[in-house]
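Have the sequence and the model open while we talk.

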Amino acid sequence: ENIVKVFELGETQKYSYMVMEYLGGGTLDDYIENNFPIENEKIILIARQICNGLKAIHEKDIVHRDLKTTNIMFDRENKVKIMDFGLSKSPLVTTMTTLGTIMGTLGYVAPEQITNIQVDKRADIFSLGVILYQMATNKLPFVGSNEIAVIHSIFNTEPVKPSEINPAIDNGIEHIIMKCLKKNQFERYQSVEEILIDIETLK
């Protein structure tokens, strides 16, 4: 229920097309811009829905690889929907990329996506951490004046704790965010299920 529905696939003489459900609630990026600061309870509600969608994706052995606030939308009932699977990778799909090409949106990608080494579900967990950080602070954790500077930040900079930017942020939310953003995949949450367990302990 937290993944955009596709109703039909088809082709014309010139084009291929997909018919998807209409999402009238806008993007999470717009929501943050229009509603910051966001209450802790709302962050938890949105995070839980994103995690439920990711859990369903990962159970199909699919890695989204381009999770970001513009790829998460709300329907008319304000239910969260993950969309835009253009960079997704599953065992059924072989994606050919040129050496040095970064798959994903730079500010949201995990270090291993830049080096293209051992990209798995934990890359989505890193991107989720960026999204939660953005909800908590209205900022991205890794920034720079150009692409090289952003890449340097992703590999070498520890992000400022969300509570230093937004003192109202819950300690438990901050813990989840910072663990998702660990540069070493083995220090992050190893599955979305682990994140959901921690989310359920929050008030």
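Q: How far is the sulfur of C180 from the closest cysteine sulfur, and which residue holds that one?

A: First, a word on what you're looking at: this is a predicted model, where local features need pLDDT of at least 70, side-chain atom pairs count only at pLDDT 80 or more, and totals for chains, interfaces and linings use all residues. Residues are numbered from 1 along each chain as its sequence is written, and side-chain values use heavy atoms, with hydrogens and water left out. Now the general idea: a disulfide is a pair of cysteine sulfur atoms within 2.5 Å. The sulfur of C180 has its closest cysteine partner in C51, 7.2 Å away, which is too far for a bond. Searching the whole structure turns up zero disulfides.

Q: Are C51 and C180 buried or exposed?

A: Go by relative accessible area: buried is under 20%, exposed is over 50%, and partly exposed is in between (1.4 Å probe, protein chains only). C51 is buried at 1%, and C180 is buried too, at 0%.

Q: Which residues touch I125?

A: Contact here means heavy atoms within 4.5 Å. Leaving aside residues up to four places away in sequence, I125 touches C180, Y189, Q190, S191, V192 and I195. I125 sits in helix α4; helices (H or I, at least four residues) and strands (E, at least two) are DSSP runs, numbered from the N terminus. With 0% relative accessibility, I125 is buried. I125 and C180 lie 55 residues apart in sequence, yet their C-alpha atoms are 5.8 Å apart in space.

Q: What does L132 touch?

A: L132 is also a residue of helix α4, and at 3% relative accessibility L132 is buried. Its contacts, again not counting residues up to four places away in sequence, are A47, I176 and I177.

Q: Where do the buried residues of α8 lie around the helix?

A: Look down the axis and take the arc of the directions from the helix axis to the C-beta atoms. In α8 (residues 192-200), the buried ones are V192, I195, L196 and I199. Those residues fall within an arc of 100 degrees, so they line one face of the helix. Their cover includes α2 (40-59), α4 (121-137) and α7 (171-180).

Q: Which residues of α5 are buried?

A: In α5 (residues 147-156) they are V150, I151, S153 and I154. Their arc is only 160 degrees around the axis, which puts them on the same side of α5. I148 and N156, on the other side of α5, are exposed. The buried residues of α5 pack against α3 (111-115).

Q: Which residues make the nonpolar surface patch?

A: Patches take residues with over 30% relative accessible area and no salt bridge; like charges are joined within 9 Å, and nonpolar side chains (Val, Leu, Ile, Met, Phe, Trp, Tyr) within 5 Å. A salt bridge is a side-chain nitrogen of Lys or Arg within 4 Å of a carboxyl oxygen of Asp or Glu. Accessible areas come from the Shrake-Rupley method with a 1.4 Å probe, and for residues only the protein chains shown count as cover. Here V6, L9, M18 and M20 make a nonpolar patch of about 390 Å². β1 (6-11) and β2 (16-20) are the elements giving two or more residues to the patch. M20, in strand β2, is partly exposed at 36%.
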